[in-house]
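Subject: Structure handover

Hello,

Please find the structure below. My notes on it follow.

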Amino acid sequence: MIRKTLLFVTALVTAFVTVAQQPSNITGTAAPGKIKRIGLFKVLNGRLKEIATTVPDAQGRFGFRFTPEYEGLYSLGSGNPQSQQGLFRFYFKGNEELNLKLDQGAYELTGKNSPENQALYNWDQQAKPFHDKGLTPGGMSTYVDFFPEVEEFKGKLDGIKKTAKTGNKNFDKLFAEIVDFDFAYYATSYLQMPRTAHPSKEEMSDYYTTFNADKYLTPTLLNLPYGDRFLTNLVYRKVDLASKPGMDKLISTIGPDVLKGQYILQRLESVRSYSDFQEINNTYSKYFTLPEQIERAKAVELKLVETKIGVPAFQFSYPDLSGKKTSLADLKGKVVLVDMWATWCGPCRAEEPHWEKLNEEFKGKPIAFVGVSVDQDKPKWETYVKEKNMKGIQLHAGPGNELTNAYKVNGIPRYILIDKAGNLISADSPRPSDPKLKTLLEEWIKK
């Protein structure tokens, strides 16, 4: 029996299409023994995100039934989002059938299929030589054979773009863009792949010498499975890499802010230290205009937060009783002692008298005592703080907050000590009841 993955996703509206409301069916066969797993991916801002998987049966049969989140391109196959080898894109709007035969390096439509996917298949067949050469490392091909093929085929593109007459205006318009973007992506990717011979500047063919990267540096990239990868190619076409251009120079080649944000995130995801992250993020985070971009940056930050003395501390920001947010940046110039606690925590309450005493002893000194509650019941926290008249800056973060995740806080109370410059002293400092904490505070306020 065919094993199917059933996926129901809340319908969303994309920038260029209407809401998909009906489920679509995918039925196929894969080369038995060669393909062990098949993934279905949506396009999320020029990258692929897996939404379902299935395992072919002994005869290689597989299937999906899913409700598209949006009308547009999705990818299917045995590959992964990083290399995208073995992945093939299809168009779904809901209430259509996709029937295909899948191999590791190719696919074939079989049976009943939508006009949109038939048009994509016809184009993929025509473009296959360029796809395979442009995106496959190595091989016998060099610019000597590839450039003449590019020059010959580019004249056919306008005619191919007009072949899509599916009756779907959204798709027919998108198809013309797909043909242009695909061909440019394959042609520019070819130059980045390892070859036995590489052209000099003088040996570049007309297609490359007249190539206009700005034609493709548009938000259309966000709707393509390879959008992020192509973005890098386009930037490289506009700068002289031998001059070792800086970040400002690279970003200046990109027009739309949303694409600048995508490019910066690629850089952020490759940094290896929290201080490097902060340097880039503090300068360029203004270009993160999409919710998913902001989430990606935050995920990188949480991953990179270190617990060594002297590294930049996690930049928290949480509301107090009045709803006003206090951030670590607001406390610069003071030693900061963070108390991760909750009203239901017995050991936390046992530390309160010692916390209060420290507040009194260091009154007027450059120290900020910051209580960060992980209570789920915020009203209970508010009542508790008011009734106890708790000293220090009292903030509410709630359970599963970013500060907890950043420092892997598995138990409370947990005390985090930060110096006047916002750098970490200890991610797990002594408790207020331990005399060692007072000694630490006295030492660091002198620095």
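What share of the contacts in the protein chain with a separation of 6 or more is accounted for by residues 24 or more positions apart? The share is 67%, where contact means heavy atoms within 4.5 Å.

This is a predicted model, in which local features need pLDDT of at least 70 and side-chain atom pairs count only at pLDDT 80 or more, while totals for chains, interfaces and linings use all residues. Residues are numbered from 1 along each chain as its sequence is written, and side-chain values use heavy atoms, with hydrogens and water left out.

Overall form

The protein chain has 14 helices and 16 strands; these are DSSP runs numbered from the N terminus, helices being H or I with at least four residues and strands E with at least two. Its radius of gyration is 28 Å, well over the 22 Å that the globule rule gives for 447 residues, so the chain is more spread out than a compact globule. That radius is taken over C-alpha atoms, and the rule is 2.2 Å times the number of residues to the power 0.38. Along the principal axes, the C-alpha atoms fill a box of roughly 80 × 55 × 40 Å. Of the 447 residues, 52% are buried (buried is under 20% relative accessible area, exposed over 50%, partly exposed in between, with a 1.4 Å probe and protein chains only).

The disulfide

A search of the whole structure finds one disulfide, meaning a pair of cysteine sulfur atoms within 2.5 Å. Cys345 and Cys348 form this disulfide, with their sulfur atoms 2.4 Å apart. The torsion about their S-S bond is about 80°, so the disulfide is right-handed. Cys345 is buried at 4% relative accessible area, and Cys348 is buried at 4% as well.

A buried glutamate

Glu116 lies in helix H1, residues 115–135. Its relative accessibility is 2%, so Glu116 counts as buried. Beyond its neighbours within four places in sequence, Glu116 is in contact with Tyr91, Lys93, Thr166, Asn168 and Phe171.

Backbone points

Most residues other than glycine have a negative phi, and most peptide bonds are trans. The bond from Ile412 to Pro413 is cis, with omega near 5°. Pro413 sits in the loop between helix H13 (402–406) and strand S15 (414–418). Lys408 is found in the loop between H13 and S15, and has a positive phi near 50°. Asn389, in the loop between helix H12 (378–388) and strand S14 (393–396), has a positive phi of about 50°. Lys408 is exposed at 60% relative accessibility, and Asn389 is exposed at 60%.

Regards
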